[in-house]
Amino acid sequence: MSEIPFTHILMLSTALFFIGAFGFLTRRNMIAMLMSLELMLNSVNINFIVFNKYLFPNNIEGVGFTIFIVAIAAAEAAVAIAIIINLFRNTKNIDAENADHLKY
Amino acid sequence: MSGSAIAFYGIAAFVLITGLLTVTTKKLFRAAIWLLFSLIGIAALYFWMEVEFAAAVQVIVYVGGIVVLIIFSIFLTHQEGINMPSALTKRSIFAGLAVIAAAGYTCLLLLNHYWMKGSDEVFDPSVNKIGHLLVANTAESFVLPFELVSVLLLAAMIGCIVIALKAQPEKK
């Protein structure tokens, strides 16, 4: 375990975060954008645990924050999906570019 | 290269490939399944780092909860066989360039930064300690954030029901 520099794990989480960012920028479907958002949140969780384990092994605050983030991500996903379903019921379409009723 | 290192690089490749497929595949349902595999890979990474509680939370909440929620909402809003509208070419080129530049810069910073030496104590994320961290009656514990998250979850659940409720037809 110790022979892997922990920057490699940080680079994994960086790559995962930017994969999520790429999906968030390019996807047009709201559910697909939500999935990209989940990837980004997960990469943040990995970061918290890696910093906790390799730099501050005497504390476990990072694990606690990971659990908070997971709980908030669950709430966020539930609210987002409720909004998406309501939008679909009203407009029969969940593309982000068509949801501009509040714009004009 | 030891077995542990091979396991790490295998998990990393699995997570990144399935994550990339999540954001690039044409069909929405397949994207959800790739996301499922990616999240399982992240849970495997937590197991590899010996943070079993976080891995269990990951499997239960993400794989068992959020992905199932996403799949339900896909079935509620889509004819699941059809392709999604493809991304605009110009936008994906510029997004790809920006993302690659930002990721490369971040990796550069990671490699050049001087990391302080971590202490040599043993990392012990047992459930007992996590429970003390979250709800123990001490100054260091996170009781107030814990309660706030509980209230937030309750508010989110009520809000979801209110938002997704079908509007009642007007009574004459």
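In this predicted model, the centres of domain 1 and domain 2 of chain B, taken over C-alpha atoms, are separated by 26 Å. The domain assignment places residues 1-110 of chain B in domain 1 and residues 126-172 in domain 2.

The C-alpha trace of chain A spans about 55 × 25 × 20 Å along its principal axes. Its radius of gyration is 17 Å, whereas a compact globule of 104 residues would have a value near 13 Å. Of the 104 residues in chain A, 48% count as buried. Among the contacts in chain A with a separation of 6 or more, 48% are accounted for by residues 24 or more positions apart.

The two chains also meet each other. Here, 60 residues of chain A are in contact with 70 residues of chain B. On the side of chain B that touches chain A, at least two residues each come from helix 1 (3-24), helix 2 (28-48), helix 3 (52-77), helix 4 (89-112), helix 5 (127-135) and helix 6 (143-164) of chain B. Helix 3 of chain B gives the most to this side, with twelve residues. Sorted by class, the side of chain B that touches chain A holds 53 nonpolar residues, 14 polar residues and three charged residues.

How values were computed. Residues numbered from 1 in each chain as written. Chains lettered and ligands numbered in written order. Predicted model: local features only at pLDDT ≥ 70, side-chain atom pairs only at ≥ 80, totals over all residues. Contact = placed C-beta atoms within 7 Å. Helix = DSSP H or I, 4+ residues; strand = E, 2+ residues; numbered from the N terminus. Nonpolar A, V, L, I, M, F, W, Y, C, P; charged D, E, K, R; others polar. Domains from an automatic or database assignment. Rg over C-alpha atoms; globule rule 2.2 N^0.38 Å. Buried ≥ 20, exposed ≤ 12 C-beta atoms within 10 Å, placed from the backbone.
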